[in-house]
Amino acid sequence: MSMLSYIMKRILWLIPVLFLVLTLTFLLTKLMPGDPVQAMLPLNHTHAQYLQMEHMLGLDQPVIVQYFRYIADLFSGNWGESYTVNRGVPVWDLIWERFPRTIELTVFSLLIATFFGIKTGIISSKYRNKWQDTSFRGFALIGVSIPVYWLGMMLQYLFAYRLDWLPSGGFKNMKYGDPKFVTGFRLIDSLIDGKIYMAIDYFSHILLPVLCLAFIFLAGITRQTRSSMLEILQQDYIRTARAKGCKEKVVLHTHALKNALIPVVTVIGLGFGGLLGGAILTEATFTMAGMGDLVVSAIFERDIYLINGIVFFSALLIIAINLLVDVLYGVIDPRIRY
Amino acid sequence: MEKIEQQELEEPIEIRKEKRKNIITYIKFLLIPGYIMEDLAVREFEYEKTISKRKFIRRLKSILTIIGIGIILVIVSFAVFAPWISPQTLEETASFYPNPDHPNQWPYSPPSPENPLGTTHFGRDLVSIMIWGARVSLSVALLSLLISVPTGIIIGTIAAYYGGVIDSILMRIVDVIIVFPGLVFLIVIIGVFGQRLEYFILAFGLLGIGGYARLIRGSVLQARDLTYVEAARASGAGNWRIMFKHLLPNCIQPTVIAFTFAIGGIILSLAGLAFLGFNDPEQVEWGFYISQARAEMLDAPWAVFWPGFMIMMTVLGFMLTGDGLRDALDPRLRNI
């Protein structure tokens, strides 16, 4: 029961945060230059047409009414229609079409970075100040300081231009079509459909972007794991475990790692927001049509409904990830469940 | 007389042999890396055992930290002395048109004696781009941190010290800032208010408040119930005095370290925004040149490589210094 009440308390705190985020977005888009009414009308419109369109869009109401209708619309699924990126396409459809691609990119990078990052962090803390530690720390420092798009471009130059091993951008080879739509995630769909060549081709396309994102995230996880493991390894219970005769591997993985994971989980949760930002830059470098690309186009074109939809969506995502991280805290460390 | 002469003759030979041994040892010491002279090593070890590691400067002596501080000094000198070091003036570097006075600077020309790193679009010299770009990055980073750090510290200290309802309200507001997707928020602010450097500084400043508030709040929560606070209250100190004269100096250490890392982070974010196209058109920013040179990357890879390399080196310097600072300030590593 305490676990459930812990989760409920967390959710209750997050609801006002969500509303404040929505209010902030609404205010920002109200301040934005550019007139959506004018953008939807042909150039030689009359004043009557302008008023009619304004009434259709609901923009002639006072601001408070607009705000409440905006909140109601957002929660009822009507996110408006984008008027610049793809004219007339509902925002929800646009986001849902592109969101799986970004999520696949992000999730793959997260998995690779977490797996290898924790391993290198443990090795770094075990061989403190020896050559393994110094080399991993050097890589981690470079990974934290390198710009994503620059790394992507260097990898593109090396692997796509010089060596010609991997394609330089995009999601798919234009000759292959799309698999049958089951989940929207290209990898799962192509495997369900039985078209293995499509899955392999997809892997080769996303390998470089995933490597870029994973390298940077891996650096952060390695640093955090190393520092928290170093702190844990000085504790008394580790000495007890070694004195009891446990193998070093058991001491490290069973006793030390479990306690060291809490700051690492924090970093992973915080880093997910950073991964979404990195996905924006990576999609710009590798010219993939994902959600990051959509964000940049939306803001360049001042598309209000699209911006609203994307900000709401990303805020929901980050809140969900934070909730997951908090729940993971409760799972890993029973002392935190108050 | 003969005995004395014999003795005088024998000594010089022994002394000569010893001198020869010493010279050979010194030459070996100079030329062979890692050669250990025992008596010197013993004396060094004894000295290291006696000197105290409590002095802060001695704890910064690790080689990586010194490299980091060196890089920061180089970048700061680039920023401060740019008009004197750089081969081109700021107008030439940041202008929109090719320079008619230098017809030899073709766009995207390879490294040559005139342009040691090559040129980028419009024939701008890469060395001057690297030097002038340091100004924008450093000024944005430092000024935005000047906004976010004091605000974050004040909010965090007040929230943690008073606790209760004030704590909850302030932390929810801070959560809003943290939960809002960062890059999207920046891009929206720039899109709304215009592409000028002041708005960048403001946006970064607003975004950074949350992190420092949380850090300070954690430290002050731990230190709030300690005895010295009670003693200060008993001697008649008011709340604000306790907060800012007694609690804050003891709780500020994680913030100092986060400050150093944040400078690197802001420089990276600024370059990322410039890459996407959200930059101040009148300023020299490294990310902008990366995006411009992307079209010619296959023919002119130097135009893409050097600005990115500069970004990496700058951020690396701050990260190295931050790491060294964190290890030096760590209370558990005292008196090693």
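This is a predicted model: local features need pLDDT of at least 70, side-chain atom pairs count only at pLDDT 80 or more; totals for chains, interfaces and linings use all residues.
User: What makes chain A a chain of helices, and how is its extent described?

Analyst: Chain A has 13 helices and zero strands, and from the N terminus on its elements run α-α-α-α-α-α-α-α-α-α-α-α-α. Taken along the principal axes, the C-alpha atoms of chain A fill a box of roughly 85 × 55 × 40 Å. Of its 338 residues, 36% count as buried, and residues 24 or more positions apart account for 71% of the contacts with a separation of 6 or more.

User: How many helices and strands does chain B have, and what share of its residues is buried?

Analyst: Chain B has 15 helices and zero strands. Of the 336 residues of chain B, 38% count as buried, and among its contacts with a separation of 6 or more, 70% are between residues 24 or more positions apart.

User: Why is Asp164(A) called exposed?

Analyst: A residue counts as exposed if 12 or fewer other C-beta atoms lie within 10 Å of its own; Asp164(A) has 9 within that distance, and is therefore exposed. The residue is found in the loop between helix 7 and helix 8 (186–193) of chain A, and its phi is near 60 degrees, a positive value in a residue other than glycine.

User: Does the word "buried" or the word "exposed" apply to Thr287(A), and why?

Analyst: Thr287(A) has 11 C-beta neighbours inside 10 Å, and because the limit for the exposed class is 12 or fewer, the residue counts as exposed. Its place is in the loop between helix 11 and helix 12 of chain A, where Thr287(A) has a positive phi of about 45 degrees although it is not a glycine.

User: Where does helix 2 of chain B lie, in the open or buried, and why?

Analyst: To be buried, a residue needs 20 or more other C-beta atoms within 10 Å of its own. The number of buried residues among the 13 of this helix is zero, so helix 2 of chain B lies largely in the open.

User: Which residues have the most contacts inside the largest nonpolar core?

Analyst: The largest nonpolar core has 150 residues, and those with the most contacts inside it are Leu213(A), Phe217(A), Ile310(A), Leu186(B) and Ile267(B). Helix 7 (residues 126–162) of chain B gives the largest share of this core, 19 residues. Leaving aside neighbours within four places in sequence, Leu186(B) is in contact with Ala203(B), Leu207(B) and Leu273(B).

User: What is the make-up of the side of chain A that touches chain B?

Analyst: In the contact between the chains, 36 residues of chain A meet 32 residues of chain B. The elements giving two or more residues to the side of chain A include helix 1 (2–31), helix 11 (248–285) and helix 13 (304–332) of chain A. By class, this side has 31 nonpolar, four polar and one charged residues.

User: What describes the crossing of helix 12 and helix 13 of chain A, and which residues make the contact?

Analyst: The axes of helix 12 of chain A and helix 13 of chain A come within 8 Å and cross at roughly 140 degrees, and the crossing is left-handed. The contact is made by Leu294(A), Val295(A), Ala298(A) and Ile299(A) of helix 12 and Leu306(A), Ile307(A) and Ile310(A) of helix 13. Its classes are seven nonpolar, no polar and no charged residues.

User: What is the handedness of the crossing of helix 5 of chain A and helix 9 of chain A?

Analyst: The crossing of helix 5 of chain A and helix 9 of chain A is right-handed; their axes come within 6 Å and cross at roughly 35 degrees. The residues of this contact divide into 18 nonpolar, nine polar and one charged.

Conventions:
Residues are numbered from 1 along each chain as its sequence is written. Chains are lettered from A and ligands numbered from 1 in the order in which they are written. Helices (H or I, at least four residues) and strands (E, at least two) are DSSP runs, numbered from the N terminus. Two residues are in contact if their C-beta atoms, placed from the backbone, lie within 7 Å. A nonpolar core is a set of buried Ala, Val, Leu, Ile, Met, Phe, Trp, Tyr and Cys residues joined through C-beta atoms within 7 Å. Axes are lines fitted to C-alpha atoms, for helices over the stretch in contact, and angles run from 0 to 180 degrees between N-to-C directions. A crossing is left-handed if the near helix is turned anticlockwise from the far one by less than a right angle, and right-handed if clockwise. Ala, Val, Leu, Ile, Met, Phe, Trp, Tyr, Cys and Pro count as nonpolar, Asp, Glu, Lys and Arg as charged, and the others, Gly among them, as polar.
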